[in-house]
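Hi there,

Here is the structure I promised to pass on to you. Have a look at it first, and then read on for what I found in it.

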Amino acid sequence: MSELKLTEEDLTQKHKKERKELQAQIQTLKKSICKGDKKKKKEVTDEISRLEDTLDKKQEEELTRWKVGHLNINNVENENVEDIDNESTKDNKQYDQLTQRVSKAQKRRDKKANAERERNQRIIEEEALNVFGKRNVELQTIKKILAERDLMIYEIPTDGHCLYNAVAHQLKVIGETPLNCHDLRTKAALYLRENMNEFLPFISNPDSDDFLSPEQYEKYCDDVANTSAWGGAIELQVLSHVLKRPIEVIQASSAPYVIGDNYNNDKRMILTYHRHMYGLGAHYNSVTKYVKEEEG
């Protein structure tokens, strides 16, 4: 049926029907994407954008033609020949204005579609880089090591307390008396103070690489107890002695190593060490029994 024979309500209903049909087509396209298929996802995204733009342009052009056509019909019925000439010029101007609006709207849609395509491309490129980046390679290596032992990573917050919180979680895992981060820091600091001669030769000043003075060592112990100072190899040894439990550390760059292996191995705690997980520096996580991830 010609657009001029349609009422405005008919045209509106026609456009709604076309929109509904397009949405059904879009849903079918989305369902065709296999999980993890980034290439297919990009192709479908581009196709959906193209279909939406095409329908927007078509419907706006139809509405413009309908409005201009009905302006002309009304003028023929109600004006004389001289008035028709004047109105025709007016109608042409209105048509030009409507056409310009359509053109501007199309340009906006094109700009939006191009920006979306560029954004999707950047995301795909960044994901590709991340797959081969140090962080992801390290993470996948550790996950593989853990999976072979029926284990998986238990995420610990990156707040400076990661070592202590990871050990606190492991105490729960192995069924020992629960201790929180503050408890472990307090016990570690006390053990360091009581065994200064044992640890002082292995702790250096980060600014000069010189050994700490007794006063500096005391400040080091205070930081362990009362601040969010990051714990490392020294603190791992201390916690193993304090808890009388072996601590195994799994990492990507080399074989796992055990601290305090002279203690009862049936109650071994297991941590993961990540050099590249966060921009702020190294990080410790805990582990838990492997649970298969649900597919989304």
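A residue counts as buried when its relative accessible area is under 20%, as exposed when that value is over 50%, and as partly exposed in between. Histidine 15, with a relative accessibility of 11%, is therefore buried. This histidine belongs to helix α1, which covers residues 8-31. Leaving aside residues up to four places away in sequence, histidine 15 touches Gln59 and Glu62. Please keep in mind throughout that this is a predicted model.

Now the overall picture. The protein has nine helices and five strands, and from the N terminus on they run α-α-α-α-β-α-α-α-α-α-β-β-β-β. Of its 296 residues, 33% count as buried. Among contacts between residues at least 6 apart in sequence, 60% join residues at least 24 apart. The accessible surface comes to about 19,000 Å², and carbon and sulfur atoms account for 51% of that.

The N-terminal end of α6 is capped by asparagine 180, with a side-chain oxygen 3.1 Å from the backbone nitrogen of histidine 182.

Next, the aromatic rings. The structure holds three aromatic pairs. One of them is formed by tryptophan 230 and tyrosine 284, and it is stacked, at 5.6 Å centre to centre with 25° between the planes. This pair links distant parts of the chain, 54 residues apart: tryptophan 230 is in the loop between α8 and α9, while tyrosine 284 is in strand β5 (residues 281-289). Tryptophan 230 is partly exposed because its relative accessible area is 39%, whereas tyrosine 284, at 3% relative accessibility, counts as buried. Tyrosine 284 also forms an aromatic pair with tyrosine 273, this one tilted, with 5.1 Å centre to centre and 45° between the planes. Here the link is between strand β4 (residues 269-278), which holds tyrosine 273, and strand β5, with the two tyrosines 11 residues apart. Tyrosine 273 is buried too, like tyrosine 284. Together, ring pairs join Trp230, Tyr273 and Tyr284 into a cluster.

Last, two backbone details. Most residues other than glycine have a negative phi. Aspartate 150, though not a glycine, has a positive phi near 60°. This aspartate is in the loop between α4 (134-147) and β1 (151-154), and at 37% relative accessibility it counts as partly exposed. Lysine 244 is not a glycine either, and its phi is positive, at about 55°. You will find lysine 244 in the loop between α9 and β2 (247-250).

Best wishes

Technical notes:
Residues numbered from 1 in each chain as written. Predicted model: local features only at pLDDT ≥ 70, side-chain atom pairs only at ≥ 80, totals over all residues. Heavy atoms only, no water. Helix = DSSP H or I, 4+ residues; strand = E, 2+ residues; numbered from the N terminus. Buried < 20%, exposed > 50% of the residue type's maximum accessible area, 1.4 Å probe, protein only. Contact = heavy atoms within 4.5 Å. Polar contact = N/O pair within 3.5 Å; in protein donor to acceptor, adjacent residues only side chain to side chain. Phe/Tyr/Trp six-rings, centres within 6.5 Å; stacked < 30°, edge-to-face > 60°. Areas by Shrake-Rupley, 256 points an atom, 1.4 Å probe, with all protein chains shown as cover.
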